[in-house]
Amino acid sequence: MGAALALAERGRGRTAPNPSVGCVIVRDGIVVGRGGTRPGGRPHAEAMALGQAGEKSPGATAYVTLEPCAHCSERGPACADLLVAAGVARVVAAQRDVDPRTNGIGMARLEAAGIATTVGVRAAEAARSMAGFLTRRRLGRPHVTLKLALSLDGAVALADGRSQWLTGAEARAHAHLERSRHETILVGRGTGEADSPSLDVRLSGLEARSPVRVLLSTRPHPSHPAAPRKGEGEWLAIASPHDIATLPGDHLLVEGGAKAAAAFLAADLVDRLLLYRAPVIVGGGRTLPDIGLADLADAHGRWRLVDSAALGADRVEVYERG
């Protein structure tokens with residue numbers, strides 16, 4: 001299942017409206033097929049893995065991060081049917097599918113065909129890898145990650161607003177990797193006008209995975225927050241954090257600035273915090289504006305640390321809703 005989860009992670013931010021799923025097929029203790037959901041959502045992971053396994057599929061065990069789909073569509077057959085036809089002996093799924101067309105039906109179809117099934121192996125990790133898909137289905141909006149670069153004393157910028165570069169090269173490279181895993185990336189108008197950011201992915205081999213740029217602005221239909229630069233394309237715009245349901249894809253990265261960050265926190269629309277801490281003291285720097293917190297007691301238990309790592313001299317911490 002760990003290998004299947006790793007395959008699913010590779011497709012995060014590229015498979016909407018379908019979830020990014022991983023599948024590994026094992027026979028006699030040997031991996032005979034691997035697959036992940038392809039960009040655009042098809043083919044599904046099971047179809048990719050079965051295609052690789054071929055004649056080694058009968059009697060094998062399929063490990064998949066999400067219950068195999070039970071519904072056919074114009075884009076492809078139901079994965080539950082593919083697994084039955086391939087003759088696998090067992091299917092191990094991390095999570096049931098929340099899609100009502102499949103929820104429980106996929107596993108029942110496998111069991112009716114005499115295939116042994118197990119559900120719930122490393123379910124929490126699978127839910128994390130499919131957070132965008134699950135959030136869109138449950139809440140009707142993309143999963144929101146808020147990225148903040150902070151000094152040790154909590155500043156996001158100098159007093160005059162300058163923030164380049166608070167963190168070092170390793171942290172900035174990690175932030176670009178995060179960009180590649182999101183379909184959309186958002187900044188506020190103030191940041192857009194001050195920095196005219198490109199918001200693209202500048203990592204070798206991942207340039208094509210730059211997200212769609214979004215501007216948080218009350219001004220109607222801006223095409224660019226500053227002077228348009230040739231070849232950069234148009235920007236999408238929303239007037240309020242509550243408008244994110246209209247954005248494409250299942251993953252939104254809120255990258256700047258302080259007012260935009262505060263607006264999303266105040267609206268309680270942040271699902272994941274990505275904090276980059278630099279070992280510097282700013283003193284008198286800019287911090288986040290008011291987010292409407294009335295009592296410190298209301299802040300405790302809100303966030304849960306799920307990961308942290310050193311990035312050169314800096315450190316990244318990842319928090320999820322508590």
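Me: What is the strand order of the open sheet of 5 strands?

Reply: The order is β2-β1-β3-β4-β5, with mixed pairing. Strands (E, at least two residues) and helices (H or I, at least four residues) are DSSP runs, numbered from the N terminus. Two strands count as paired if DSSP finds at least two bridges between them. β2 (30-36) and β5 (116-119) are the edge strands, since each pairs on one side only. From one strand to the next, the twist averages 15°.

The model is a predicted one, in which local features need pLDDT of at least 70 and side-chain atom pairs count only at pLDDT 80 or more, whereas totals for chains, interfaces and linings use all residues. Residues are numbered from 1 along each chain as its sequence is written, and side-chain values use heavy atoms, leaving out hydrogens and water.

Me: How do you know that strand β1 is joined to strand β3?

Reply: Between β1 (residues 22-27) and β3 (residues 61-64) there are 4 bridges, and the criterion is at least two, so the strands pair. They run antiparallel. Isoleucine 25 has alanine 62 of β3 as its bridge partner.

Me: What lies across β1, β2 and β3?

Reply: Helix α1 (residues 2-10) does, running at about 150° to β1. Axes are lines fitted to C-alpha atoms, for helices over the stretch in contact (heavy atoms within 4.5 Å), and angles run from 0 to 180 degrees between N-to-C directions.

Me: What makes β12 and β13 a pair?

Reply: Strand β12 (residues 303-311) and strand β13 (residues 314-321) are joined by 8 bridges and run antiparallel. Alanine 310 stands opposite arginine 315 in β13. The hairpin has 2 residues between the strands, and glycine 312 takes a positive phi near 65°.
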